[in-house]
Amino acid sequence: MVPDSKIQAIGRVLQDPNRPLKERFRALFTLKNLGGECAIAAISKCFADPSVLLKHELAYCLGQMGDIRAIPKLVEILKDVNQEPMVRHEAGEALGAIGDPTVLDLLRSYSKDPVTEVAETCQLAVSRIEWLQSECSKVEKFNGADKFFSVDPAPPAMETNINKLNERLVDESLSLFDRYRAMFSLRNLNSPESAKALATGFKCNSALFRHEIGYVLGQMSHDIVVEELAAVVRDEKENEMVRHEAAEALGSIATEAAMTVLKEYLGDEARVVRESCEVALDMSEYENSAEFQYADGLLKLEENENGMTG
């Protein structure tokens, strides 16, 4: 049991805008893994930060914690039209991840939000919570999900044939929820072939969908898709949230070719892209070193700071 004083000390690292972003991210993921009311409070204090990337990640972590005590802050962020779409979208997704049916009416109302990414996210969140309430959630069994430690916006499909899943993935006549289910089945197969199939999703119309493709390719970390991810990062006409996920995926893959692209875009005009490259390079350093524990909840950062011993 970590005392609140130490959690608050880690929170101060997260909340300090003068700290390097990579340090603040490590503090955030440490808080996520520690969990509890004190960690939620520390994370919730940062939504006025100028970094859209950081705020988006705050909402993501609150959702992954699965704690209903985070719901009021996430509802506040979803409702706040002054927050950036990327942040509001992540708040909606986080509410879906927590899965509490008390937010269904709210999510249904925001499923008609004028910001497409927010509306689509809330539609997915509604579908996920309804699925959780259905009999299907009790009988459907999935292979491969245990390799990935995330609460996803949709459950995987039961289908395991890559070609059939790929057809479903890019069929824009289907609901977004069904296509997401195909996406997570392809991820769970976790092969070079399924990664290549997923990369075809970058040609689809929904920016939200394309951004999730980047996310799952990062989870899989197959270097066979470095070229496709690099093309997304380099496309300055692409939605920033999609470029951001592609950059972080390159950081997870952590090959020399992937890091070259990230270094190339450290000075990108879009702040969320250049910050993503900065954080992704730190992730790649973790991938190549036993010293870094990005999401393992270690307190090394706290231990090395003066005045942080609580």
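1. Start with D4, which sits in helix α1 (residues 4–15). This model is predicted, so bear that in mind throughout. D4 has a relative accessible area of 46%, so it counts as partly exposed, the class between 20% and 50%. Compare D4 with A145: the two are 141 residues apart in sequence. In space, their C-alpha atoms are 33 Å apart.

2. Next, confidence. The mean pLDDT of the chain is 92. Of its residues, 92% reach 70 or more. Two stretches need care. Over residues 292–299, pLDDT stays under 50. The model still gives that stretch 24 contacts beyond four places in sequence. Residues 301–310 also stay under 50. Their count is 18 contacts beyond four places in sequence. Where pLDDT is low, the predicted coordinates should not be read in detail.

3. Is α2 mostly covered or mostly open? It is mostly covered, with 11 of its 14 residues buried. The buried residues include L21, F25, L28, F29 and L31. Charged side chains are on the list as well, among them E23, R24, R26 and K32. A27 and T30 are also buried. Just after the helix, G35 takes a positive phi of about 70°.

4. Now look at S194, in helix α12 (residues 192–199). Its relative accessibility is 0%, so S194 counts as buried. Which residues does S194 touch, leaving out those up to four places away in sequence? They are I162, L186, L189 and M220.

5. A157 has a relative accessible area of 10%, which is under the 20% cut-off, so it is buried. Beyond its neighbours within four places in sequence, A157 is in contact with F142, L165, R168, R181, A182 and S185. S127 is 30 residues away from A157 along the chain. The C-alpha atoms of A157 and S127 are separated by 14 Å.

6. Turn to the empty space inside. Rolling a probe the size of a water molecule over the atoms shows where empty space is left. How many cavities of 30 Å³ or more does a search of the whole structure find? It finds 2.

7. The largest cavity holds about 50 Å³ of space. Its lining is E93, G96, A97, T121, L124, A125, R128 and P153. The most comes from α8, with 4 residues. By class, the lining has 4 nonpolar, 2 polar and 2 charged residues.

8. The second largest cavity holds about 40 Å³. A59, Y60, G63, Q64, E90, E93, A94, A97 and V151 line it. Two or more of these residues come from each of α4 (52–65) and α6. The class count here is 5 nonpolar, 2 polar and 2 charged. Note E93 and A97: they line the largest cavity, and they line the second largest cavity too.

How values were computed:
Residues are numbered from 1 along each chain as its sequence is written. This is a predicted model: local features need pLDDT of at least 70, side-chain atom pairs count only at pLDDT 80 or more; totals for chains, interfaces and linings use all residues. Side-chain values use heavy atoms; hydrogens and water are left out. On a 1 Å grid over the protein atoms alone, a cavity is a set of points where a 1.4 Å probe fits but cannot get out, and a pocket is an open set with protein on both sides within 12 Å along at least five of seven lines; lining residues have an atom within 4 Å of a point. Grid points are joined across faces, edges and corners, and a volume is the space filled by probe spheres set on the points. pLDDT is the predictor's confidence in each residue, from 0 to 100. Contact means heavy atoms within 4.5 Å. Buried means under 20% relative accessible area, exposed over 50%, partly exposed in between (1.4 Å probe, protein chains only).
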